[in-house]
Each structure stands twice: as structure tokens, then as C-alpha cells.
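Subject: Structure handover

Hello,

Here is the structure I said I would pass on. Please open it next to this email, and read the notes below with it in view.

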Amino acid sequence: MIRLIGYFFGVGIALALLVAAGIAIYIGDLTKDLPDYEVLAKYEPPVTTRIHAADGELMAEFARERRLYLPIQAVPDRVKAAFLSAEDKNFYTHPGVDVTGLARAVLTNARNVGSGRRPVGASTITQQVAKNFLLSSDQTMQRKIKEMVLAFRIEQAYSKDRILELYLNEIFFGLGSYGIAGAALTYYDKSVNELTLAESAYLAALPKGPSNYHPFRNTDRAIERRDWVIDQMVANGYATSEEGEKAKATGLDVKPRQRGGYLFAGEYFTEEVRRDIISRYGEDALYEGGLSVRTTLDPKLQLYARKALQNGLLRYDTLRGFRGPFKQIDISSGDWGVPLGEVEMLSDVPEWQLAVVLGAEDGMVSIGLRPKREVSGALAETRETGTIAVDDMQWAMRHVVDGKRVKASTPSEVLKPGDVVFVQKKPDTERSWQLRQVPEIEGALVAMDPHTGRVLAMVGGFSYADSQFNRATQAYRQPGSAFKPIVYAAALDNGYTPASVVLDAPISIQVGNSVWEPKNYGGKSAGPSTLRAGIERSRNLMTVRLAKDMGMTLVADYAEHFGLYDKMLPVLAMSLGSGETTVMRMASAYAVMANGGKQIVPSLIDRIQDRYGKTVYKHDRRECDGCVATEWDGQAEPEVINDREQVLDPMTAYQITSMMQGVVQRGTAVTVSELGRPIAGKTGTTNDEKDAWFMGYTPDLVVGVFMGYDTPTPMGRGSTGGGLAAPIFKEFMASALKDMRPVDFQVPEGMKLIPIDRKTGMHAQSGQPGVIMEAFKPGTGPADSYWVIGMEDLEGAGRAKTISPQANRAVNSGAGGLY
């Protein structure tokens, strides 16, 4: 009997050894091609890129996976405890596989055979790291064995904290968020260290199945799972019973973080930065690289810019009447809120609301306001109504019918039930609203630091939500007379003076087989006039003669050096601004004149750092050796070396600036003079009033404003740069400069201020009528004799000191208007 027992024992041992050997061979074969777990040491997950304003305020985030990588040392103990309790309470003691938990799962699954219940898993956090990083998610025995083997190896190679760090930063939490830091922001708009016990427990409950525990679709299941995690935290000693009960008594209180832009009115700027980063580093760097981008945007100036541009566009648009409702919906069902809630509003114009017309009477219009949405995204059940008095829609009584403006006598002729319109709340009222409409006219505004090229504010249209086309950088338009300062700067840099006299009279120029006859705006001519008078009154005929006299090749060269064009066609029509360019480029060109002649490269980005904080791009490349001194030892104050190219003589820059101050003080932009500050600028109006410009600057701020239809269309007689764009500039500057002391333009050392006669440009006695102080470079001054440039264009007179009767008749004739 004993021998028989020994026999069977031996056979059993042999079989066990054979089975063990077979299992070993099977596992060895299964694991011989396992992924290299050492790649975890170089783990760089896709991380969110964040865009910040100049003051550090968050503007936007870009990511394919909304993740912010968080070192384990920055994760609060309470948050760690929640995940350990939910996923792997023995994490810090097991070798990678929890044998006790595995046995418990096997027994549970055995009891549940045939019950239809889902099998219980027993994966440790280490096993989940192995699966998420190195394996597929196949539900097979082979994958499970590989997972266990890898878990053992990972535990031998990495510390527990490193493994937990990988896990917490990789897992998917739902709502597009990855990693604990991203989840805290997405679900609660908080940093991780601000999470409460209940919030930590809910986030820890999500990795098992984010859609199963959705905060709004599956609220009850989500709370049940969260409460279970809280109970586990209490059982494991991470929280007291009182803390647990208090946490379970709360709701989920999820407050999803908004997507897209976070800084109000910064959408056009943000989109331009996004395109810039993609052009530099590619899409993967933007959406996965975790870059930290510090832009040049000044949030306060950006708000001023948006408001000024919108007000200017609305002023013009409302004078053209009402074009009809934004949309129309069916309100016959009774609950107008549901169809109205489906109409998208302008998210970046929060002052406006969408409303549906419920009825129109003689004295007012009854409206229903678009219902608000709950945190879950569901439409609120509350319905709010209001009224529009006829006085608050007076501008709309002149409405457009079949392309013609028609005067209405009652609101019912303008608005019908079911019409969806924009409205704005009247101040200090409860239910009174004003009618609004999105303007067809568009525009752009750019504000720039002329010394560095930093773009401080940029608005590319009325509403980014309505149109993402950026008129500041993407719209190529004719600058018209706003180009003339480039012509005059080139002249002043090459022998002419502000007192040089040019003939302002009709001119005919042979262009191929045709004749070009430019005209002054208004059709009149002023005869011989100084360069200063020519730019102050924006004389086209003088500009053409001046460009013809010095040659368009020279003008083109200056325009290219100023950054206005990459390659400019050197033809005379270009001297009147017929070549297309952008507001951004115009601002850069004017910055050259504002900063004393230094070339400027505009920039929307100050600095870019990679995910580790290393600076990979910096706009300001000026050097300053003394700035890095560790202590002061009597040395001189460090000086930043400005090595940018000098493209204009500093004295020329002052002369053209002084001349453009005259444009503001007594020329085509006299409305700007009401600011009471030293400002230089130039208006611009193109053929048939299709474009209106104003470019202006103080010693420290350059601003460009443009208005026009996206498809160039006449804006109406009198729609000039001085009438449309200059008031926008004026409103912006009034806000931007209100807390700054006035600063004068500095006269370069060596320049002479000499009194001259305003009309003849010749030396005069100061204090006499018509005498002004003009700036001259060393070695130059008023002409000794009356010399007129362009007299040779009149009956072969050549350059003459006097004007003949025939010339007088020609000077005083002419009609039509251009630019």
C-alpha cells in the first residue's frame, strides 16, 4: 500500500513537473517578444499647449488629448488615496500582481458563471500601466499573462511612485480629458490640489468606465460609484467616517470647463498665434507638445480695440438701415424656446442676446429671449420675455426691401412673428431691449509697440464667431493715401525737404496705349504747394509728381525695406496706394517712422517654452551683456544693444512724423486732434470709397485701422478714412492713453527748426501770419528762390520760379475724385 502511494506520488510529481515545464515553455514562448518596458523611462505623453497673454492670463489651450503632466510629488495625498482605494489598495506592498486580489476575483467569477454578470477583474495599477503603455486591450488569456509578466518586470525597474505617476498622467477620464490634472480642470475647473474628498473620489471612479459614470447622463450610477470609493477610503484609513458621510451627502457638482478661448475678445489673436506655431513647429508640436506660449497681447488694450472697432462698424451699419431678421423659426407649437435654443448665438458678443419676435404692434415689439443652458448642456425650462420700443429700433424703420431702403411707419412692417433677431439690454431696465444686427461692413485694428514690433492688440473683424477671417493679417487691401508717407519719406531721405514745392495741378501720364489722369479727392487743385501741405491735404497730383520726379524704383525700395511689400511693382499708380497690403504690414511700416527709422518685424509671441520649461523661441534677440551681472560693483548701467537695421534716417523719420502731426492738427484727420496729445497719422481712402484707413502713432504706440466690405464695394460718397477709420482710432486712443502722460516726439540732435512761409516754403519771419516752424537737416534749409517741382508738365514750361497764366488756368481746372 505504501509502495502504491509512493508510486502515485511519484507519478503526480512527474506530471506536475511536466505541467510546470509546459507552462514555463508556453509562458517563455509567449513572452519572448514582449515590448521593451524601458521605454517608460522616456515617456512623453501628448500634453496640452497653453497660450498666455503678456500678463500671464490664460488665452487658450490646444490638445488632441487634454492632459497636463503632473509629477507625483505635486499630487496631493488625498487624491492618491482615492485612486489606491478605487483601483489597488495593496499597490505599495504587492510585487506587481496582487495574488490575494487575483484569487478573490477567480472565486467571484466562478460563482458568477452563468449569471450573465461581467467578469470581475483584478488588475493592479502596475498591470494597467503595462496594458495602457505596452499592450493592446484584447480580452484574452495570452494578453493577461503578458500583462502580469510585464508588471513584475516594471516593478523591478521603477519605483512605486514612478509607476503611480505614469498611471495618473495617462488614464482617460472622459469628456476628452486625460491624466488627473486635465480631469480636475475639465470636470471642476480646478487645480488638483483644490479637489475635495468627494471630487477626488468621483475622479477616481471614472477610469473604470467614464461613459458609465457620466455626470449628467448617468448621474445616479456616478454617485453610487463615487460613494463606494469614499467608503473604501474610510475602510483603508484615508478618511474618517465623519468626513466620508459629509462627502457622500454632496452632489457631483460637476462644472465643466469651457473649451477654446478663455480670454474675452482674444479669438482673432489666438487663432493667429495658432497658425504661427504650426508654421514654425508643425501640428504635432501644437496639439501634443505641451508648449507654453507667452504672447504679446495686452488684455486691456485688446478690450479697448474690440469696443472701438465694433462701435465704428455699428455706427456705419445702422445708418444703412435694417436688412431683415437673422433667422426665422416656427413658433406655432407654443414653446418658442426649443427652436430658438437651437439657433447659434455670437459667443464673443455677450452683450447681445438672441430673441424671437412674438408679436409686433404699433408702439412696440414683444420678444422671447433665447433660453439659457444648464451646466449639463440641457436647455433651461424658464422662458423670459421682453419688449422693444419703437424708439429703440428707430434706425431699423428704414429697412431694406429688394435691395432698396424703404421707410416703415410701424414696427409690424419691419418685424414679423417668428423672426429671430439680436437684441441688447437697455441700461437700468428690466424688460426693455434694443434691436441690433450684425454689420455687413467689416474692419480691423492693430496696435503695436513701434520699438519692438510687439503686437499689443489685434481685432480682425466684428465677431470671430460670425467670421474667422482675420482682416488684420489675411485681407490684402489697397491702402490708398495711407501709403503716401512712404513716398514722402523716400523723398525726404533723398534730398527733398518738407518745404520743397511741388505743383498740384492736373497731369496726364501715358501708360502703354492709354492715358492715366489721376485726380485729387474732390477734383480741385491747389497749385504749387509744399510737401507738408501735400501730405496734410492728401494731394494725389502732388504725390504722383513727386514720385515721378525721384523715380518709382526708389519708392519701391523704401516700401520693401519698410516691410509693406515683398516685391513692389515700380509704377506710378502705386504711389497712390493701389498695391494691396495688410493692416499688420501697414502698422509695421509706420512703426519705422515712429521709432526713428529702425526696421521692425511684427510679433505676436514673446517666448515659447517646451514642456520642460526650456525656452525654444524668443522674439527679442537684442543682446545685453551687462544684464546678467550677479551683483553691482560700480559698473555702468547695462544697455540693451539695438542692432536692427536702420532703414530710414532718424532725422527723416522726425520730419515725416512732424508733417503727419500736421495731418492731425489741421489736415484730413483733424478729428483726432481732439485727444489733445502729440499724434502723427495719415488717412487713406481708395477709389470709389471701397477702403477707409487711418494709420496713426504716438512715440510709443502705433495703431492701424481699416474699414471696408470683404468683397470690395463702394461704401458711399464721403465714406473716407477721416470720416470712418479716424473716429475708431480716436476712441481706442482715448482709452489706451487715458492713464498715460503726454509724450512729445523727440527732435534728433542737430536738426534745425526754421520759420518758413506755409505756402511758398521760403524763409519767413516767425510770428507772422501763415508762418510755421519747419524741421531741416544740417546743411539744408528753405530754398533761396521759389522753385516748383513739376512745372515741366505744363506746356513745356520746365522748372520755373513763376507760374504762367496758362499754368494758372490748368491748376484751377479739373474734375473728378480719386483716393
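Glu61 is buried, with a relative accessible area of 11%. Here buried means under 20% relative accessible area, exposed means over 50%, and partly exposed is in between, with a 1.4 Å probe and protein chains only.

Before going on, note that this is a predicted model, where local features need pLDDT of at least 70 and side-chain atom pairs count only at pLDDT 80 or more, while totals for chains, interfaces and linings use all residues. Residues are numbered from 1 along each chain as its sequence is written, and side-chain values use heavy atoms, with hydrogens and water left out.

Glu61 belongs to strand E2, residues 58-62. Helices (H or I, at least four residues) and strands (E, at least two) are DSSP runs, numbered from the N terminus. The Glu61 side chain has a polar contact with the side chain of Arg50 at 2.9 Å, and one with the side chain of Tyr262, also given as 2.9 Å. A polar contact is a pair of N or O atoms within 3.5 Å; within protein, one must be able to donate a hydrogen and the other to accept it, and residues adjacent in sequence count only if both atoms are side-chain atoms.

**Arg67**

Arg67 sits in the loop between E2 and helix H2 (77-87). Arg67 is buried, at 0% relative accessibility. Its side chain reaches the backbone oxygen of Pro46 at 2.7 Å. Beyond its neighbours within four places in sequence, Arg67 is in contact (heavy atoms within 4.5 Å) with residues including Tyr43, Asn169 and Tyr178.

**A three-stranded sheet**

Strands E19, E16 and E27 form an open sheet in the order E19-E16-E27, with mixed pairing. E19 (527-530) and E27 (788-789) are at the edges and have a single partner strand each, so one side of each lacks a neighbour in the sheet. Two strands pair if DSSP finds at least two bridges between them. E16 (residues 501-504) and E19 run antiparallel and are joined by four bridges. Val502 is opposite Ser529 in E19.

**Two residues with positive phi**

Most residues other than glycine have a negative phi. Asp688 is not a glycine, yet has a positive phi of about 60°. Glu689, not a glycine either, has a positive phi of about 55°. Asp688 lies in the loop between strand E22 (680-685) and strand E23 (692-698), and Glu689 is in the loop between E22 and E23.

Regards
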